[in-house]
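Here is a short walk through a protein fold. Keep the sequence and the 3D view at hand as you read.

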Amino acid sequence: VKAVLVVDDDPAIFEILNDALEEAGFCMLTADSGPAALQLLSTEKPDLILLDRGIPGCDGIDVLLQIRRDPRLWKTPVIMVTANRDIESVRLSRQAGASDYCIKPFKPQAVVERCLRLIC
């Protein structure tokens, strides 16, 4: 079973994605802040990370940069999930190493399809 780490501070996002990811055969891990995500990543190696840009504790870009510096995780696909629609946010995410970019609000099935495309 492939594991997806969802990093977001909105419990509704966990609920929405859990059902869709579970239906697609994924196991979902969660973290509600940047520090919580990095702590979890010190012991877990998910197959993909869905990372909110605006999370408590630090910017999602900072978390992404730390993931890309980790020899154990640097190849892990990361999809930035954010309400930021501006081109600068997309550019910053790509420069930091994001594999894809998903804008909120989203359709859960669209996120699952992106996950499948990146890890299956």
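**Helix 1 and its surroundings**

Helix 1 covers residues 11-23, which makes 13 residues. From its first C-alpha to its last it reaches 19 Å, close to the 18 Å expected at 1.5 Å a residue. Bear in mind that this is a predicted model.

Look at the N-terminal end of helix 1 next. Asp-10 caps that end. One of its side-chain oxygens lies 2.9 Å from the backbone nitrogen of Ala-12. Just after helix 1 comes Gly-25, with a positive phi of about 95°.

Which residues of helix 1 are buried? They are Ile-13, Phe-14, Leu-17, Ala-20 and Leu-21. Their cover includes strand 1 (3-7), strand 2, strand 3 and helix 5 (108-119).

Five of them form an open sheet with parallel pairing, in the order 2-1-3-4-5. Strand 2 (27-31) and strand 5 (100-103) are the edges, and each pairs on one side only. Neighbouring strands are turned by 20° against each other on average, direction ignored.

Strand 4, residues 78-82, is joined to strand 5 by four bridges. Four bridges also join strand 3 to strand 4. Both pairs run parallel. In strand 5, Tyr-101 stands opposite Met-80. Met-80 is also the bridge partner of Leu-51.

How many residues of strand 4 are buried? Five of its five are, and the strand is mostly covered. In a regular strand, side chains alternate between the two faces of the sheet. Val-78, Met-80 and Thr-82 point one way from strand 4. Ile-79 and Val-81 point the other way. Helix 3 (residues 60-69) lies across strand 3 (48-52) and strand 4. Helix 3 runs at about 175° to strand 4.

**Loops and single residues**

The loop between helix 3 and strand 4 holds Thr-76. Is Thr-76 buried or exposed? Its relative accessibility is 4%, so Thr-76 counts as buried. Leaving aside neighbours within four places in sequence, Thr-76 is in contact with Lys-45, Pro-46, Asp-47, Leu-48, Ile-49 and Arg-68. Thr-76 and Leu-65 are 11 residues apart along the chain, and their C-alpha atoms are separated by 12 Å.

Ser-89 sits in helix 4 (residues 87-96). Its relative accessible area is 5%, so Ser-89 is buried. Beyond neighbours within four places in sequence, Ser-89 is in contact with Arg-53, Asn-84 and Tyr-101. Tyr-101 is the strand 5 residue that stands opposite Met-80.

Pro-105 lies in the loop between strand 5 and helix 5. What kind of peptide bond joins Lys-104 and Pro-105? The bond is cis, with omega at about -5°.

**The cysteines**

A disulfide is a covalent bond between the sulfur atoms of two cysteines. How many disulfides does the structure hold? The count is zero. Cys-115 has 0% relative accessibility, so this cysteine counts as buried. Cys-58 has a relative accessible area of 21%. Buried means under 20%, so Cys-58 is partly exposed.

Note on methods:
Residues numbered from 1 in each chain as written. Predicted model: local features only at pLDDT ≥ 70, side-chain atom pairs only at ≥ 80, totals over all residues. Heavy atoms only, no water. Pairing = 2+ DSSP bridges. Helix = DSSP H or I, 4+ residues; strand = E, 2+ residues; numbered from the N terminus. Axes fitted to C-alpha atoms, helices over the stretch in contact; angles between N-to-C directions. Contact = heavy atoms within 4.5 Å. Disulfide = S-S within 2.5 Å. Buried < 20%, exposed > 50% of the residue type's maximum accessible area, 1.4 Å probe, protein only. Expected span 1.5 Å × (residues − 1). Polar contact = N/O pair within 3.5 Å; in protein donor to acceptor, adjacent residues only side chain to side chain.
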